[in-house]
Amino acid sequence: MGGTAEEPFRPNRGDKVLFFLGGSILAMEERYDFQEIEQKWQKVWEQSAIYGVKTDPAKPKYYCLEMFPYPSGQLHMGHVRNYSIGDVVARFKTMEGFNVLHPMGWDAFGLPAENAAIKHGVPPAQWTTENIANMRSQLKAMGLSYDWEREIASCYPDYYKWTQWLFLQLYKANLAYKKKANVNWCPSCATVLANEQVVDGACERCDSVVEKKALEQWFFRITNYAQRLLDDLDNLPGWPDKVKTMQENWIGRSEGAEMDFALPETMGGFDKIRVYTTRQDTIFGVTYLVLAPEHPLVEELLKNNEREDEIRAFISKVLNLSEIDRTSTETEKEGIFTGHYCLNPMTGEQVAIWIGNYVLVDYGTGAVMGVPAHDQRDFEFANKYNLPIRVVIQPEGIADLKAEDMDHAYVDKGTLVNSDAFNGMPNEDALGAIATELEKLGKGSRKINFRLRDWLISRQRYWGTPIPIIHCSTCGEVPVPDEQLPVILPDDVEFKPSGESPLRSRLDFLNCQCPQCGGEAQRETDTMDTFVCSSWYFLRYCSPKNEHEAFAAEDVDYWMNVDQYIGGVEHAILHLLYARFFTKVFYDLKLVAVDEPFKNLLTQGMVLMDGAKMSKSKGNVVSPEEIISRYGADTARLFILFAAPPERDLEWSDRGVEGAHRFLHRVWRLVQAYQPSLRQVTTLMLQPADINLSELNKDDKELLRQINYTVKKVTEDVGQRFNFNTAVSAIMELVNAMYIYKEKVPAEQQNLALIKDGIGKLILILAPFAPHICEELWQIVGGKGYVYQQSWPSYNEKALVRDEVEIVVQVNGKVRDRLSVANGLDADTLKAQVLENERVQSFIDGKNVVKVIAVPNKLVNIVVK
RNA sequence: GCGAGUGUGGCGGAACAGGCAGACGCAACGGACUUAAAAUCCGUCGCCCCAAAAGGGCGUAUCGGUUCGACUCCGAUCACUCGCACCA
């Protein structure tokens, strides 16, 4: 405190400042001390538990969910963006009157914890718990409206007990099985990976080149759901097309036929080779057949084969290729003739059997027919090895396509030739006709194939949910009985540098009794992929503390599905596909009533710095903690929401952050300036201001219009379009308008009821973006209760109407003048008025007016020649 | 190769049921206040022509089309980003 009006003083930071309005001292202005304000309200909110929600069928619900983070220990800007977006939505929906579920938790199993243990000797459980504590306090410093009572962590036994239980439900429904398969092995992570975790032949986590290994592994039968996962994308209008397309591609449905090429004699139980094709219309153009090197028939073909050594050399060369080289389109197609033949099912003709490096054993049947004239790969292969090329589709309009004239395969539509009974048929019809004929002959059938493979869920690692299966030498595979769940992950384990799971050497974990025969048995030591944990966490949030069930029907039936899900697009396939799969399984098992988990999906863009993703290796990381301590959470949130629309990548700008901070200061000073006079009018804030439109002067009317327009704009931008950036700019414009009013209109003429209305609404609509400062201001202006618990303000349509509107006058489409005319002036009067205008006259003088277009309240365009 | 998306000032971005291009913010420049600075406030701010103003011309990746009128719709092209990719 210091000084009086008679003794002016110079303020220092932290001092209270005298404020003058209308010539007299009205107030002592408080400095915007964001640190004090933010800490104060975070504490108050927590103590009064205003973010806690309950299942309440009497109220309309809204489930707002952000993807839960992996507890790395440090919040990054991507998190800040994700959770700021979610918080605006949650706060807005709450103020709109919904019972909003807005939970947070931890995707807490995974390799980094284990690596930390190996490297630093810290047990994964401890490492994870400490990281969670750290990140939780960082999240709390952001002032997010989470119901922390619902916090979950996938690594706690009260959570993974139910992950195990759900695994067993899948197991009992024959959707979980163990099989030996050629699987993706990451040598650096020392574990297998799901197909979805292999990116360009490398481990998505550590970038090591993935190897193939034949191992006994656990799978979920997600392929059983391929068609539904594909079809139901159509029921998700609230998802971005981009994500739906990516899932569509991943599922990769193709329609074709399987057909059998008979072997002249039975070989080791094989009497035919089954191929899969989508081009059965080209069956008469087959000139050879190619097997994958791993095809089971290959061994048989090698018996008594005089070129066995040569062929084996070729096969081992292919098998030694890395996954990247093996599947690259760049790798040249190579093959070797086996010396054997099979028979074309339609013609009975002999077809040479080859082995090729480009045929994949795990797609289709591991064997393909070669039609060089109509498939580019086959064309190249045939040219390399001088195999015959036979044209069976004639392009329309081209007289006579000849094999010897071709420099590439003809893959488009046309008319069948050299195809017996099918000659002259359009190939699109032949697809069906030939499939039907094959079915009639018993040599083939229509077949739909998916690119999607079963989900490999076992991991040879320690820090994950133990798979609740017991291996008994007499009973075989035995599920752990429900009453023995959870299978506890021992936390005092020893890590070996080899990377071998410590569970294998923990005999007290490994050895157990068979639940069926009581004999000695061993536990499964593999743990589950962490994507299993995250495939159902949104359900657990509905009943987070339930000790008897994974989730209670009354809770999930009320809260599900998630109304708005928000997260990074990097999960477009993995997590989002798995979560959809789980939900459909639970729906079929009657555990939930919905068959899609997420009604609306928002995929937020990345946070960039100098055009590149922030990363430690690039050294372009901005720490949220630092930003929050320097400018406050409100500033950080406001900037990140203002700088770009949510789906787009956001370029970080320190200057931009300062701009956001300046704006909050500006709001602060505005409210401070009016605060004392508002209290003089009334201490009871915000009953909808009784403002009589007809009594207002021009300035008042314009301000009233701006207030109502801003409420409308923000309501729509936040509620319907998620355009937070334009919502913020609209609020900025309102603040600018209020400053202009304050400067322009003499103090004694200012309409305090109107200002009260404007400031109250300003605080309420800014609150979802910057909750702390708004809570403080709300208190300062005498608002009752918490901002969060107020109703979202409404706007008055009548106040939006202008008396006069500016219209644009164009001559031949070029803007020549602007006129102010009465709102709603009809087209004809408008035309007449404009044509009389002097300036317009000068433009049309001496010319022929061909046409006049008048759009009321918008423009007049005069066309002259 | 296939599929999806993006392209607007010095920068982030507005505006698309077709109707004032550049809202809002950042940066920059000029001014006020100050002993000075910071903060704050007031102006200017797409490019070009004209000494300046008045005025005019050109401008939303490129080329073309539809229209009285196109950033917006249609066709082609280019660039970048993302996804899938020897899937038969």
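The legends below describe close-up views of a predicted model.

**View 1. Protein residues around RNA strand B.**
There are 56 residues around RNA strand B. Thr-278, Lys-333, Arg-377, Arg-451 and Arg-666 come nearest. Helix 22, residues 724-744, gives the most to the surface, with six residues.

Asn-725 places an N or O atom of its side chain 2.9 Å from a phosphate oxygen of RNA strand B.

Helix 4 runs over residues 124-140. Its 17 residues, at 1.5 Å a residue, should span 24 Å. The C-alpha atoms at its ends are 24 Å apart, which agrees. The buried residues of helix 4 are Pro-124, Trp-127, Thr-128, Asn-131, Ile-132, Met-135, Gln-138 and Leu-139. Why do they lie on the same side of helix 4? They cover an arc of only 130° around the axis, and this puts them on the same side. What do the buried residues of helix 4 pack against? Their partners are helix 2 (77-95), strand 5 (105-106), helix 3 (111-120), strand 6 (152-153) and helix 18 (624-631).

**View 2. Helix 11 and the residue that follows.**
Helix 11 covers residues 376-384. Asp-378, Phe-379, Phe-381 and Ala-382 are its buried residues. Their arc around the axis is only 170°, so they sit on the same side of helix 11. What covers them includes strand 14 (288-291), strand 15 (335-343), strand 16 (350-356) and strand 17 (367-370). Asn-386 follows helix 11. This residue lies in the loop between helix 11 and strand 18 (393-395). Its phi is positive, about 55°, although Asn-386 is not a glycine. Is Asn-386 buried or exposed? At 69% relative accessibility, Asn-386 counts as exposed.

**View 3. Ala-190, a positive phi in a buried residue.**
Ala-190 is found in the loop between strand 7 (176-186) and strand 8 (191-193). Its phi is near 55°, a positive value in a residue other than glycine. The relative accessible area of Ala-190 is 12%. The cut-off for buried is under 20%, so Ala-190 counts as buried.

**View 4. Two cis peptide bonds in loops.**
The peptide bond from Leu-485 to Pro-486 is cis, with omega near 0°. Pro-486 is in the loop between strand 24 (476-479) and helix 13 (507-510). Another cis peptide bond joins Met-560 and Asn-561. Here omega is about 0°. Where is Asn-561? Asn-561 is in the loop between helix 16 (553-559) and strand 28 (564-568).

**View 5. Arg-91, a buried arginine of helix 2.**
Arg-91 lies in helix 2. This arginine is buried, with a relative accessible area of 3%. Its side chain reaches the backbone oxygen of Gly-143 at 2.8 Å. Beyond its neighbours within four places in sequence, Arg-91 is in contact with several residues, among them Trp-45, Tyr-51, Leu-144, Ser-145 and Arg-637. The contacts also include Ala-767, Pro-768, Pro-771 and Tyr-788.

**View 6. Lys-761, a buried lysine of helix 23.**
Lys-761 lies in helix 23, residues 752-766. Its relative accessible area is 13%, and Lys-761 is buried. Which residues does Lys-761 touch, not counting those up to four places away in sequence? They are Ile-707, Val-711, Pro-793 and Ser-794. Asn-708 is 53 residues from Lys-761 along the chain. The C-alpha atoms of Lys-761 and Asn-708 are separated by 9.0 Å.

How values were computed:
Residues are numbered from 1 along each chain as its sequence is written. Chains are lettered from A and ligands numbered from 1 in the order in which they are written. This is a predicted model: local features need pLDDT of at least 70, side-chain atom pairs count only at pLDDT 80 or more; totals for chains, interfaces and linings use all residues. Side-chain values use heavy atoms; hydrogens and water are left out. Helices (H or I, at least four residues) and strands (E, at least two) are DSSP runs, numbered from the N terminus. The expected span of a helix is 1.5 Å times one less than its number of residues. Buried means under 20% relative accessible area, exposed over 50%, partly exposed in between (1.4 Å probe, protein chains only). The arc is that of the directions from the helix axis to the C-beta atoms. Contact means heavy atoms within 4.5 Å. A residue is near a molecule or strand if one of its heavy atoms lies within 4 Å of it. A polar contact is a pair of N or O atoms within 3.5 Å; within protein, one must be able to donate a hydrogen and the other to accept it, and residues adjacent in sequence count only if both atoms are side-chain atoms.
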